[in-house]
Amino acid sequence: MLVGLLLVSLLVPACTKRDDATSELLGILNRATGSSYRLQYSESTTGQKLVVKTAVEDDLRYQADVTLEGKSVSSEIVRDDARALRFFNYEQASRIYLATVAPVVPAAVPALSPSPSVSPAPAPSATPADVTVTPAVANGGLEQLRSGDWVVDKVGATNLANTSSVSVKAGKDPVVDALTLFRYVQSAINGGGGPSSSAVVKFNPESIDYNPRFDPFQHPDAAHGELRYDVVPPELPPRDTSITSASQLIQGLPGVSYFRHLSVYVRSGLPTRIQESISIERRLSDPQNDLIQRLADVGTKISNTLPLKERATAVLAALKRLEKDRPAATTQEIRPRELRADFTETGGAVKVTLPDGATIGSFGPRFARTQLLSQGSQ
Amino acid sequence: MTRVRMRVAIATLVLFGLSAGGAHAASPSPEVSPSASPSAPVKPASFRVPATLLDLKVKPEDTSGVLSGEKGNLASQEIGFYSVRRADNFLLATIEVIRFKPDSGYQAADFKAGLVGLIGLTRAQTLRVGHTLVHVSGSKGLTNGVWFDGPYMYVLAIRGEFEHPKDLLRAALEIKL
């Protein structure tokens, strides 16, 4: 009996107290947010692989290079008030960039603002001294952007104050997604995408809560001092067959956090890698999962005999259909994806410079962004 | 408990022609520290601020009129106030530098947060610019950046339509007193 109790006491604390792990991870993310770093952000969704390579010098200086299926799409450099863009594939790139500020316009993209000045009063010349540029062009640089050249708008990133409207929803703009990744993780920890907050635990394969079958990620390299913090997806309360109110039943359906596995790998107190897997198939592959029955309770019949992939597709479609009947807090878009973000040079001397010899143009409000990077609010 | 008061960016309001209520979320005479030494009046200061930032003229402005109205125990011992103007004298920005008394408690996070909360009408966002944390907020037609360096607090208020706010902020962060 005594041996049994001792064994239980060893097993039950999964590895560390959950609150401690949450605080530790939030502290690690805060430290990283306050550092320079390079990040390779790779996302796979529905067979497409998108990569964003970023360099962050500080909150006013970054570079982001986007590739899709191994082909360059766009490069963006923000250096204080100046912003440089290079579109390798104009149509794809303008879809990414227009998604943030306006509905996607896949075909005819209007010309950029012809005038570089947005102020009624002429501003003094204040180009940083370390940039050499070619003279301004009449069309704002649109032709140069179309032909794949660098275009610099010296006042293309002047929005200093507005950081609060940055969305932490993934999927619209990969540059925003990559640059706001820390905030996205913080949001996931704090319950973004579901009615309840997700617990954080340190990886421990000996824990009674750990099930390797549902762990989509590599074990941390403990031999080299690597830790892994897991943002554990919340479980649903037991299915209550006594509830007959359709609205109540719909509110009880899971949000994205239920399908999300998110892990942060840490060395020397800084993140080295963040991985996220949002998978409906993985949840449905658990024989104890009753999501099909819960959907049946709200009148959506999905056959349990369908192949797993088709079942997952049907579940996703059903949940999306029911989103309109659910509170906004629980309806962050469920978007299956595999994400891997690798950090290097964290805390190092990362420098971001504007390209030499670029055409001076004016993007006007066309590709405008808010101030993306921030340490939070006071 | 000693009540300590300090003027924050009042001269900015005067120079830009704004009312205190319009540009500040809180009272312009807040309590900021329980422990600063009493009586010593705040002095207008002439800190060694560069004569230009970017290509813009930086000129000390007379704040003696504003400061002479201050009575009581103050956390600040010197305040310098500077205008940033275009060649045609158009005012683009102001820089206010406040030196705190050694016993004002200026090192405390609460002290700094209290002051940051007084500047601007919007909640301040903290940005890392180089190695400095700058608290950025907005008020009527202005973008405000606040940062601390030892006993000094800097308040940079930039006219909203100025096209190089980040370049100016970066240049102002180079001021070392």
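**Close-up 1. A salt bridge joins A:Asp80 and B:Arg170.** In this predicted model, A:Asp80 and B:Arg170 reach across from one chain to the other, with their closest N and O atoms 2.5 Å apart. Side chains of opposite charge can pair when their charged atoms come close. Between chain A and chain B, the count of such bridges is two.

Close-up 2. The size of an interface is often given as the accessible area lost when the parts come together. Chain A brings 38 residues to the contact, and chain B brings 28 residues. Looking for polar contacts across this interface, we find 15 residue pairs, with both partners at pLDDT 80 or more. On the side of chain A that touches chain B, 17 residues are polar, 14 are nonpolar and seven are charged.

**Close-up 3. Within chain A, A:Asp173 and A:Arg369 form a salt bridge.** Counted over all chains, the structure holds 28 salt bridges. In the one shown here, the side chains of A:Asp173 and A:Arg369 meet at 2.5 Å, N to O. This pair links distant parts of the chain, its members being 196 residues apart. Look for A:Asp173 in the loop between strand E7 (151–153) and helix H5 (174–179) of chain A, and for A:Arg369 in the segment after strand E13 (358–360) of chain A.

**Close-up 4. The largest pocket holds about 770 Å³ of space.** Its lining is made of 33 residues, and those closest to the pocket centre are A:Asp209, A:Val232, A:Pro233, A:Glu235 and A:His261. In chain A, strand E8 (199–202), strand E9 (227–232), strand E10 (260–267) and helix H9 (280–284) each give two or more residues to the lining. The largest share, four residues, comes from E9(A). By class, the lining of the largest pocket divides into 14 nonpolar, twelve charged and seven polar residues.

**Close-up 5. The second largest pocket has a volume of about 580 Å³.** Which residues are the closest to its centre? They are A:Val155, A:Gly156, A:Ala157, A:Thr158 and A:Asn159, out of 35 residues that line the second largest pocket. Chain B takes part as well: its strand E11 (152–159) and helix H5 (165–172) each supply at least two residues of this lining. Sorted by class, the lining of the second largest pocket has 16 nonpolar, eleven polar and eight charged residues.

Terms used. Residues numbered from 1 in each chain as written. Chains lettered and ligands numbered in written order. Predicted model: local features only at pLDDT ≥ 70, side-chain atom pairs only at ≥ 80, totals over all residues. Heavy atoms only, no water. 1 Å grid on protein atoms, 1.4 Å probe; cavity = no way out; pocket = protein on both sides within 12 Å on 5 of 7 lines; lining within 4 Å. Points joined across faces, edges and corners; volume = space filled by probe spheres on them. Nonpolar A, V, L, I, M, F, W, Y, C, P; charged D, E, K, R; others polar. Contact = heavy atoms within 4.5 Å. Salt bridge = Lys/Arg side-chain N within 4 Å of Asp/Glu carboxyl O. Polar contact = N/O pair within 3.5 Å; in protein donor to acceptor, adjacent residues only side chain to side chain.
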